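Here is a short briefing on charges, rings and backbone in one protein model. Keep the sequence and structure open while you read.

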Amino acid sequence: MAHHQPMPRETFSGSLCGPSSDFTTDLTWPFGRLEGLDVDDIRETAYEVFFTSCRSSPGFGGRNSINYYNSSNDDGGGSSGGGGNGSPGSGSSPGGGGTGGGRVNMTPTSKVKRALGLKMLKRSPLRRMSTVGTMGISGSSPSSPSGHSSHVHHMGSPGAFSTLPASRPKRPLTSAEIMRQQMRVTEQSDNRLRKTLMRTLVGQYVATAQVEPDLLCASHAMLAEVANDARKSDRHMSYVKLLSAVLASIQGWAEKRLLNYHTCFTRGTAGQIENLLPLAISASRILGEDVTITEAAPGTVQLIDSTGDRVDYYIRSSVKRAFQKIIEDGNERSASAEVREEPIDALFQLAKETEDLALREREGFSHILKRWHSFAASVAAVTLHQCYGTVLKQYLGERATLSSETVEVLQRAAKLERVLVQMVVEDSAESEDGGKSLVREMVPYEVDSVILKLLKQWIEKRLNKGRECLHRAKDGETWNPKSKSEPYAQSGVELTKLAKDTIDDFFKIPIGITDDLVLDLADGLEMLFHDYSTFVASCGSKQSYLPTLPPLTRCHTDSKFLKLWKRASPCRVGLEEVHHIGSNEGHHPRPSTSRGTQRLYIRLNTLHYLQSQLHSFDKTLALSPRIATPRNRFAHNQKRNSAAASYFDYAQNSLQSACQHVSEVAAYRLIFLDSNSVFYESLYAGDVANSRIKPALRILKQNFALLTAIVNERAQASSMREVMKAAFEAYLMVLLAGGANRIFYKADYPMIEEDFDGLKKVFCTCAEGLISEDLVEREAETAEGVIGLMAQSTEQLVEDFSIISCETSGIGIMGSGQVLPMPPTTGRWNRSDSNTILRVLCHRNDRAANLFLKKTFQLPKRK
């Protein structure tokens, strides 16, 4: 309210118009005596109340004004004069006027107006005549601010009448102007009131708890007048500064609510934005903040209204704050809860509340904001998409690999994304580009590609665990059986368990599994098993157990006395040292399978165990109902040259080769190392008759029993076949590369043939069900062919050797002076091999063989 420096005045009491006013019955004073208030204070206060209460009503900035026509004469224009403080009997009316009064055409529209005296004064034309003598009429002139008449007409007789001249029509006056004149409020006070109202309208709005939209309308109407007034170029700088400060205050107050309208307005009060937003926009326009100056063409300037950008800013800000409020509320709930909320639950709840926020925005605010921004709902949806995307990115950044929970979060994010995109499409369907520009602002979550990326990272992490297992095995695997029931290496069991868990967890991931994804997983596991099989097979080679071939020498002929003695006592004849070696090893056999050979058996078991597990894994992958696309048997896989029957063919082939290699190494170790003392080292040492094969066969049977006790059933057959091959090769090496301790006669052939038959029989009987008799016969063919050479005469052997040597060397027919070449040692013994025949001759103890070897190759005698 307006207050002035107090002046010595009479304290106000009584009626508003004084004790002799004609309007005391209309304006009675109900407050009694008020200390400190005089008549002017009450008048200006009443005017302020009237002004502020009627500002948004017709006549105060509305569409229809209330017209007042002053009927005073030409010299009575201007202020209506009397009224509030007229003398008794002056005849002044609230409309002021001259001697005949005036005509007021207005209809009161509120109780306040009527209470303040703004009322319809109905006068007939006869009222314009005054009865002189009955009462004195005083008309106030414009120059008489006190309202007293400048002149008075007196009539001598009571019945005389005087007719006032008709007044010229004036400009219609508004209700405010009428009341200001009636209540004698100066223009200075009115201007001061307008400025004060401009400063305080906002604070009236807060005080009413935002339930008085008419106050906002009044403020908006006043800003329209202020905008027109601000365009004048002759405004003083102090006026500009004051106006800028007031407008900035209004704008700040309004934007404080518009930037967070989700919190400041509810569903029931959202309509107030229609009144608040124009206020903020008007203030911004007056301040020039919503006008952008651009160069339309060279030398020309174009002003662009950027109101839409400001509304866009309001929407984005309020939506972001509402989203942040959801997060803060969730954090508070989690902090107050006894059980900590899991991140997946928090993100699920956030996605749900984000979706609800988008729907509230569309239903409660977007249709209002659409008046100022064509795509208000789209902007809100884009903003929410960005906000949730930021949280989702942070969540994924803390989780390097995929899990079921992560997939569920991503799938829920994809659902939210579809809702928001659909909201944008529907809201911007009528735009020129169909909303494509707004959709492009929405950086897609790319859930499928993110899941695929995380899935590959997950697979790689699991494979890395397998590689770590392999490295540990290389450093410390002892090849001891895990247990009696599980005779496999610990590292193999760990590897297969890891693979099984990987496959099981892979199909638990709640995504659509395609055959390409299965191939990626299978390829990784396949390489892992291939590398492991290579490691298991790194156990040496059979060549490391084969004895070094002795140099070729010729047997020296015995004396005739020694020959006769051998024929007379074949069982006792021989050197004492040789007889001692043969009898010691032959009559005291002992088990000879070493710990190293047993560890090879564990390697073999592990490989077969991996084979069976891979078969199971392949079946799981091939028959899983989770695979979304039908399998094409690798026809589309560039890694495969042809259709394959298994996901792990490459690994299975690698394991099979490893099994073959380990079986071979174990067999040669068993025969040439573990059984060396009773086989290659002592068999036929000295002479055949005293060093037969029976002691060696007993040891072999014991070793076979241990082999079948350790080796897995699936690996026993292949192991026995390799032992048989190694035994047959060892037997041939005794005959062909036995060194200086072995000499043979043609007469030894029956015993040698009998011993070999006994060796074949051991494999047929001890490995019953593992090795068939036909297989034994096929494998023995080569050895039997070489043994057959032992039955031939020396002359026949020399002749066969010469023919085969000439054929293989390309000499053809031997001429005079030609020398047979020394045949190379291939190690592949065969009766058609010249080197094999040569070795039979080297071990033949007769004169003809001795002379041939001496003459042809100059071979030295045995020492």
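A salt bridge here is a side-chain nitrogen of Lys or Arg within 4 Å of a carboxyl oxygen of Asp or Glu. By this rule the count comes to 23 salt bridges. The model is predicted: local features need pLDDT of at least 70, side-chain atom pairs count only at pLDDT 80 or more, and totals for chains, interfaces and linings use all residues. Residues are numbered from 1 along each chain as its sequence is written, and side-chain values use heavy atoms, with hydrogens and water left out.

- Buried means under 20% relative accessible area, exposed means over 50%, and partly exposed lies in between (1.4 Å probe, protein chains only).
- Helices (H or I, at least four residues) and strands (E, at least two) are DSSP runs, numbered from the N terminus.

**Salt bridges**

- D312 and R316 meet through their side chains in a salt bridge of 2.5 Å, N to O. The two are four residues apart in helix α9 (residues 307-336), so about one helical turn separates them. D312 is buried at 16% relative accessibility, and R316 is buried at 17%.
- R362 bridges to E426, with the closest N and O atoms 3.6 Å apart. R362 sits in helix α10 and E426 in helix α12 (residues 404-427), so this pair ties together parts 64 residues apart in sequence. R362 is partly exposed at 33%. E426 is also partly exposed, at 47%.
- K760 and E784 form a salt bridge of 2.4 Å, N to O. K760 belongs to helix α23 and E784 to helix α24 (residues 773-789), so the pair joins parts 24 residues apart in sequence. K760 is buried, with a relative accessible area of 8%, whereas E784 is partly exposed at 30%.
- Salt bridges link D757, K760, E777 and E784 in a network.

**Charged surface patches**

- Patches are made of residues with over 30% relative accessible area and no salt bridge; like charges are joined within 9 Å, and nonpolar side chains (Val, Leu, Ile, Met, Phe, Trp, Tyr) within 5 Å. Accessible areas come from the Shrake-Rupley method with a 1.4 Å probe; for residues, only the protein chains shown count as cover.
- Lys and Arg count as positive, Asp and Glu as negative; His and the chain ends are not counted. The place of a charge is NZ of Lys, CZ of Arg, CG of Asp or CD of Glu.
- K694, R698, K701 and K761 gather in a positive patch on the surface. Helix α21 (residues 694-710) gives the most to this patch, with three residues. K701 lies in helix α21 and is partly exposed at 43%.
- E342, D345, E405 and E408 form a patch of negative charge on the surface. D345 is in helix α10 (residues 343-369) and is partly exposed at 41%.

**Aromatic pairs**

- Rings of Phe, Tyr and Trp (its six-membered ring) pair if their centres lie within 6.5 Å; planes under 30 degrees apart count as stacked, over 60 as edge-to-face and the rest as tilted.
- The whole structure holds 19 aromatic pairs. In one of them, the ring centres of F529 and F617 are 6.4 Å apart and the planes are at 50°, so the pair is tilted. F529 lies in helix α16 (residues 515-536) and F617 in helix α19 (residues 595-623), so the pair ties together parts 88 residues apart in sequence. F529 is buried at 0%, and F617 is buried at 4%.
- Y684 and F744 pair edge-to-face, with 6.2 Å centre to centre and 90° between the planes. Y684 is in the loop between α20 (649-674) and α21, F744 in the loop between α22 (713-736) and α23 (749-766), 60 residues apart. Both Y684 and F744 are buried.
- Ring pairs link Y684, F704, F728, Y731, F744, F756 and F763 into a cluster.

**Backbone and chain contacts**

- E446 is not a glycine, yet has a positive phi of about 50°. E446 sits in the loop between α13 (436-441) and α14 (447-476) and is partly exposed at 48%.
- W479 also has a positive phi, about 60°, without being a glycine. W479 is in the loop between α14 and α15 (490-508) and is buried at 6%.
- M720 lies in helix α22 and is buried at 0%. The C-alpha atoms of M720 and E664 are separated by 9.7 Å, and the two residues are 56 residues apart along the chain.
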